[in-house]
Amino acid sequence: MKTMNRIFRVSALGMLVASMTACVDYLTAPSPAVDTVEDFFSSGQSCINNINSDYVPLQWEYSTTYCPEWFIGDIVSDDALKGGQNLNDMSNAYDMENWKTISNNDLLNDIYRANFLGVGRCNLSLRNIPNVGTDSLMNQSLKNRLLGEAYFLRAMYYFRLVRIFGGVPLVLDVVDGTDGWLVERASVDDVFKAIIADLEQANEYLWVRSKYDAADLGRATKGAAQAMLLKTYLYMAGDYWNKQVSMSADDCYKKAKAWGDSIIASGEYNLIADYADLFTLAGENGVESVFEVQYMEEATSDYGADAGGFGATRGTFSVILTRSRSSLLGGGWGFNKPTQNLYDEYEEGDKRRDATILTPLDSLIEVPNEEIYLGSRYVSRKRALYKNETGTDFENLGHATRGEINNTIIRYADVLLMHAEAALGMGDDATAQADLNEIRTARSMPLYPGYKFSVNGVEIASPTLQQAIRHERRVELAMEGHRWFDIVRWNGLDGNGVKAHMDAYKATETTAAQGQMAAFVEGKHEIFPIPQKQRELNPSLTQNPNYQ
């Protein structure tokens, strides 16, 4: 959907013209050249333009600092170290990685702002699109689809917020004044209920993937809504979140599996043969893609005083952020460095490891003390477009800091693994094993049971089905921003607490990395603090436990 990736600056096509009759009250008549909200929702095309703008906050990765969500999903987990030039490079991420986060963290504030700005855009669309009449473009089917996209996106923004911050304010209509944002935090249960309500409405309105024109691939689809419903219920079923919701884990698993059944039965998605192709420009929006954040090559930047941050570009920072710092390996900034712990969990012969992690040769490392971070020399390959071990075959960037590759949020392998979890939670081991082995077959790996792997340096010779599914999620989805959120929802890999798991991971790290880590505090560090700047704007916001 690269054609949808323009910057949409919607403006009214004409001015309001006052009727010049004797009956006009000139003191109350509309002023010339003043646009109203209705002018921005005046036709089918204007509604499409406004929905396009609803997607844009998903793309934002810079305002006051860099803020891609993988700074949490990867770096906070056992999959990656912060990286960068040194310990002080991106201190916000350093604090989060090492359990030193405080509420003035700008990375968290930018994530909070971006997602609520997305909510606000969706609210505007949901209020106004129903009032737009038909024209040569707008009919009821298109109107429903556009509303479905807005419902889906609003649910996505709230899902991103709740799993980072816990309960947040629910603002489900247009805010007409500053007081409208002075809303207390809703409970986790109420936020999840709102997400489900939006996704169910989206599922009713959205089209299946195959109905879209090629130029519109990348928009939210019925399959994307069903996948998010599967994911939301699976989160609610997990040990950590289930304590905070009103639905039992059994009922959540049942709902999750039903939504997984729907997307699998649709026949709209499949696994591709070459895993590495998923992370190339040619592999974007393919048959394994369920929902991607769309990016494009563009000459502008949102970095610097003149740009102003959010919304000034449709390119992604993630390519340059995660490439090796050595010019012979792409000349990036060296963030998001895979851990030895992750590297060691791959089974012998698993080609996904080398498609995920680059081990640079000594001859290609220009400044070792910048390239090797706390003992890790590894480089993340996904979305950085590496093609081989020497680093000589990778995409050149059209902009010094901007890449055009998409960020895949949900792909079909993720759907199958979530469906496997849901089936296992219901006691349907046969379905869970079939889902797992469908992926193992596509990746040319031995089928379950009959293989072994290591977790935190301990060999699991005869893994349970649950252990095998959780292992598969790690190696299949590594460095795609999922890992931390999985660890939390499971309450640690074995349900004995996130702290127990992270402490076990810490013991496998280098002495240098261990020396930077503060103690993980149970009941605190599973989620992050409400940003102080947001609490100053809205004094009704309470802080999460143990944060100030």
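Predicted model: local features only at pLDDT ≥ 70, side-chain atom pairs only at ≥ 80, totals over all residues.
1. Residues are numbered from 1 along each chain as its sequence is written, and side-chain values use heavy atoms, with hydrogens and water left out.

2. Pro169 lies in the loop between helix H6 (140–165) and helix H7 (188–205). Helices here are DSSP runs (H or I, at least four residues), numbered from the N terminus. With a relative accessible area of 4%, Pro169 is buried; buried means under 20% relative accessible area, exposed over 50%, and partly exposed in between (1.4 Å probe, protein chains only). Phe116 is 53 residues from Pro169 in sequence, and their C-alpha atoms are 9.5 Å apart in space.

3. Arg154 sits in helix H6. Its relative accessibility is 6%, so Arg154 counts as buried. Apart from neighbours within four places in sequence, Arg154 has contacts with Val119, Cys122, Asn123, Leu126, Leu172 and Asp198.

4. The model has 0 disulfides, a disulfide being a pair of cysteine sulfur atoms within 2.5 Å. For Cys67, the nearest cysteine sulfur is that of Cys122, 17 Å away. For Cys122, the closest cysteine sulfur is in Cys47, at 14 Å, which is too far for a bond. Cys67 is buried, at 4% relative accessible area, and Cys122 is buried too, at 0%.

5. Helix H15 (residues 412–425) and helix H16 (residues 429–442) have axes that come within 7 Å and cross at roughly 160°. Axes are lines fitted to C-alpha atoms, for helices over the stretch in contact, and angles run from 0 to 180 degrees between N-to-C directions. H15 and H16 are therefore roughly antiparallel; angles over 145 degrees count as roughly antiparallel, under 35 as roughly parallel, 65 to 115 as roughly perpendicular and the rest as oblique. Residues making the contact include Tyr412, Leu416 and Leu424 of H15 and Asp429, Leu436 and Ile439 of H16.

6. A word on confidence. The chain has a mean pLDDT of 91, and 91% of its residues reach 70 or more; pLDDT is the predictor's confidence in each residue, from 0 to 100. Over residues 5–29 the pLDDT is below 50, and this stretch has 36 contacts in the model beyond near neighbours in sequence.

Notes: Helix = DSSP H or I, 4+ residues; strand = E, 2+ residues; numbered from the N terminus. Contact = heavy atoms within 4.5 Å.
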